[in-house]
Amino acid sequence: MDGQTPKTSSSKKPNVAKSSIDVYAAQCDQCKKWRVIHSEEEYEEIRSKISTEPFYCNKKSGVTCDDAADIEYSASRTWVIDKPDLPKTPEGFRRHLVARKDYSKLDTYYITPKGKRLRSRNEMAAFLKQNRKYEGLSASDFDFAPPKVMEDTVPEIFSKRGSDSVRKKIKMTKNEDKSADITGEEDFE
């Protein structure tokens, strides 16, 4: 072999795909500029209260609306927008988002403190019922709703070669309102 450890099915580590999210950002409610949020935990804190506590540039240390945006909304990367006010992931668990190969949507999973991947509210309810140490939590504390994929940022190769249903969705969206501009602003209201 070439010095690498072979991968086997008897591995004790859970088989969890790498999260598809590489940058978290929030949009300033005043100037509409996007600010990079440095951790998933900080992002979830902002997102969980966005309706009652809008995000402003000055919430980042040393940043004002006069500063250039940290990141620009463009098709140079695929953007997804979470629903506002999703509950923060309970301590010890991780919310994991994985893009489908055709970028049609992201699948939402929760990783338990023991590394088990749960794919639905029913699986979460069963897990919590079997593990009494999480007695204060309920399945409703976890939201499996996937973020919205911003179709105008999906790589063009997928809009042409994706499945028929993906092509139809993209075509319908483009034909519904050709004059609509998609911004993060509409997704936080």
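**Figure 1. Arg47 forms a salt bridge with Asp82.** The closest N and O atoms of Arg47 and Asp82 are 3.1 Å apart; a salt bridge is a side-chain nitrogen of Lys or Arg within 4 Å of a carboxyl oxygen of Asp or Glu. Arg47 lies in helix 1 (residues 40–48) and Asp82 in the loop between strand 3 (80–81) and strand 4 (94–99), so the pair ties together parts that are 35 residues apart in sequence. Helices (H or I, at least four residues) and strands (E, at least two) are DSSP runs, numbered from the N terminus. Arg47 is buried, with a relative accessible area of 3%, and Asp82 counts as buried at 7%. Buried means under 20% relative accessible area, exposed over 50%, and partly exposed in between (1.4 Å probe, protein chains only). The model is predicted: local features need pLDDT of at least 70, side-chain atom pairs count only at pLDDT 80 or more, and totals for chains, interfaces and linings use all residues. Residues are numbered from 1 along each chain as its sequence is written, and side-chain values use heavy atoms, with hydrogens and water left out.

**Figure 2. Glu45 and Lys49 meet in a salt bridge through their side chains.** The N to O distance is 2.5 Å. Glu45 counts as partly exposed because its relative accessibility is 27%; Lys49, at 31%, is also classed as partly exposed. A search of the whole structure finds ten salt bridges.

**Figure 3. The side chains of Arg100 and Asp107 form a salt bridge.** Their N to O distance is 2.9 Å. Arg100 is partly exposed at 37% relative accessibility, whereas Asp107 counts as buried at 19%.

**Figure 4. Strand 1 and strand 2 form a hairpin.** Strand 1 covers residues 24–27 and strand 2 residues 34–37. The two strands run antiparallel and are joined by four bridges; strands pair if DSSP finds at least two bridges between them. Gln27 has Trp34 in strand 2 as its bridge partner. Six residues lie between the strands, and Lys32 in the turn has a positive phi of about 70 degrees. In a regular strand the side chains alternate between the two faces of the sheet. In strand 1, Tyr24 and Ala26 point one way and Ala25 and Gln27 the other way, and all are buried.

**Figure 5. Ala145 lies in the loop between helix 2 (121–130) and strand 7 (148–149).** Ala145 counts as partly exposed, at 21% relative accessibility. Leaving aside neighbours within four places in sequence, Ala145 is in contact (heavy atoms within 4.5 Å) with Lys83, Arg95 and Thr108. The C-alpha atoms of Ala145 and Leu86 are separated by 9.1 Å, with the two residues 59 apart along the chain.

**Figure 6. The largest pocket holds about 500 Å³ of space.** On a 1 Å grid over the protein atoms alone, a pocket is an open set of points, where a 1.4 Å probe fits, with protein on both sides within 12 Å along at least five of seven lines; lining residues have an atom within 4 Å of a point. Grid points are joined across faces, edges and corners, and the volume is the space filled by probe spheres set on the points. Of the 23 lining residues, the closest to the pocket centre are Ile21, Val23, Thr78, Trp79 and Val80. Strand 1, strand 3 and strand 4 each supply at least two residues of the lining.
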